[in-house]
Amino acid sequence: MLYKSLHFKLVLILVLFIIVIITIIAAVMVNGVFDFYTTNFNNMISQTLNDDMLKDLCECMKNDYFYVDQKQRLMAESGNLGITGRRNLYILDMTGKYLAGTNDELGQSLIKTPNMLAAMDRKPGDRQAFESDYMDYAVYLSSNMYEAQTDGKEIKECIIYIKDTQEEMRDFSWKIFTIIIQVLLIGLAVAVLLSFFLAKAITLPIQNITKGALKLADGDFKRKIDVSSNDEIGTLTFTFNDMAEKLKAMLDQSEELEKSRREFIANVSHELRTPLATIYGAAETISDDRIDEKEKIKILDMILSESERMTRIVKDLLDISKLDNKKMMWQFTEVNIENLVKNIYETMRVEAEKKDQRLSLKSGRNIPVIYADKERIEQVLVNIVSNAMKYTPDGGKIEISLSSDAEKEKVRIIIKDNGIGIPEEDLPHIFDRFYRVEKARSSEAGGTGLGLSITKEIVNAHKGEITVENATGGGGTVVTVILLQNSGETGEL
């Protein structure tokens with residue numbers, strides 16, 4: 001509905017804003033006019049009815065008809081008192097009875113005001129009330145006010161009372177009010193006009209985002225919203241487009257992840273079934289009394305080999321489970337990475353020699369001790385060297401090099417081989433979980449597509465980096481692992 005729309009709310013907010021602002025200004029101005037007039041009225045009366053003037057008025061009270069003399073004295077100062085048709089002078093007795101003044105008719109019907117009552121109580125009467133429709137000023141006088149002794153004389157008392165109808169102030173206030181109403185109407189018209197432009201500038205991009213969200217909900221990730229400004233709305237539009245792209249990439253990676261999961265289950269089932277079948281067949285064969293001891297030894301070696309293969313598969317699956325459930329426990333200690341690499345080199349060299357492969361090690365100077373999980377870093381390096389040996393033909397070369405960057409406090413380990421390399425289309429997915437390069441070849445080498453994924457997660461947990469690329473100028477693969485000298489303890493991942 002209209003009143004629920006953003007456009008209507010913006011118009012309403014601007015209109016209310018204008019009304020509130022103009023109302024505040026009106027209140028301040030009207031109050032300012034009242035203060036100005038009342039202050040000016042009080043100052044004018046008090047400055048005219050000063051001590052000298054009051055003494056003269058008290059001196060007049062020696063006569064029986066003193067109020068006649070007082071009126072003449074006061075009328076001599078009528079200009080200073082501002083006596084006009086709107087402002088009148090009255091002389092009253094202590095009961096408020098009219099004695100003399102500038103308007104006999106009004107003087108006979110005066111009401112007793114707070115200031116008049118204050119003067120009748122022999123107190124100053126100079127307070128003005130905002131809600132009143134008049135201003136007045138009352139002064140108490142007595143014949144002995146300025147005499148120390150009365151000598152038994154009769155004390156005469158009266159009240160000098162000045163009252164203004166405030167017509168001038170009301171006329172001026174009405175003019176101000178008229179101007180304020182005109183300003184309010186103009187302001188409202190401008191506010192409504194501006195609100196249309198403002199609403200269009202705000203609601204149009206939001207409408208586009210809403211349409212884009214509906215398209216997104218329907219599975220349309222191709223439609224992008226034009227970014228037409230650099231303000232918050234533009235940022236929101238840009239963020240929405242970015243979100244759509246990431247959501248599309250995530251969903252695409254998810255028809256791929258599900259596919260990989262299915263393939264993984266099939267591969268693991270195959271990988272487990274194959275050694276189990278081999279072990280089962282070997283166990284049946286070895287139970288035959290007709291085979292000789294040499295044949296039994298070969299069969300036992302086969303059972304051992306297949307058991308080790310199953311152990312590797314199960315270990316990878318356990319590691320994946322720990323990583324997924326954040327149950328991998330990290331034991332960070334000081335690790336002499338140079339000694340660790342040398343030990344791996346010595347261990348793997350024996351395996352390399354069996355395949356007539358040449359495994360070499362180059363170590364730089366001043367290799368620092370790093371803070372890491374020794375067992376997991378060893379797992380990373382063994383996995384990478386093992387892969388290099390698997391996919392390097394007999395007679396090939398595998399080179400391990402170790403260096404340090406003292407300024408950046410980093411250690412760099414590079415494993416390079418001259419094997420069959422990796423197809424370019426597979427390089428972007430090499431660390432994806434369950435992803436296997438040339439699946440038939442990987443199956444023959446005993447891989448499950450989990451090794452490099454586990455390796456990368458371990459390196460990431462150490463705040464390090466790992467990259468895989470094909471060697472330049474020939475076949476082979478180059479794997480680079482960069483570890484920080486102090487990666488900090490991550491605890492439980």
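A residue is called buried when its relative accessible area is under 20%, exposed when it is over 50%, and partly exposed in between, with a 1.4 Å probe and protein chains only. This is a predicted model, in which local features need pLDDT of at least 70 and side-chain atom pairs count only at pLDDT 80 or more, while totals for chains, interfaces and linings use all residues. Residues are numbered from 1 along each chain as its sequence is written, and side-chain values use heavy atoms, leaving out hydrogens and water.

With a disulfide taken as a pair of cysteine sulfur atoms within 2.5 Å, the search of the whole structure finds 0 disulfides.

| Cysteine | Nearest cysteine sulfur | Distance |
|---|---|---|
| Cys58 | Cys158 | 7.5 Å |
| Cys158 | Cys58 | 7.5 Å |

Cys58 counts as buried because its relative accessibility is 5%, and Cys158 is buried as well, at 0%.

Helices (H or I, at least four residues) and strands (E, at least two) are DSSP runs numbered from the N terminus, and two strands pair if DSSP finds at least two bridges between them. An open sheet with antiparallel pairing is formed by 4 strands in the order S2-S1-S4-S3. Strand S2 (98-101) and strand S3 (135-142) each have a single partner strand, so one side of each is left without a neighbour in the sheet. Strand S1 (residues 87-92) and strand S4 (residues 157-164) run antiparallel and are joined by 6 bridges; Leu92 has Ile159 in S4 as its bridge partner.
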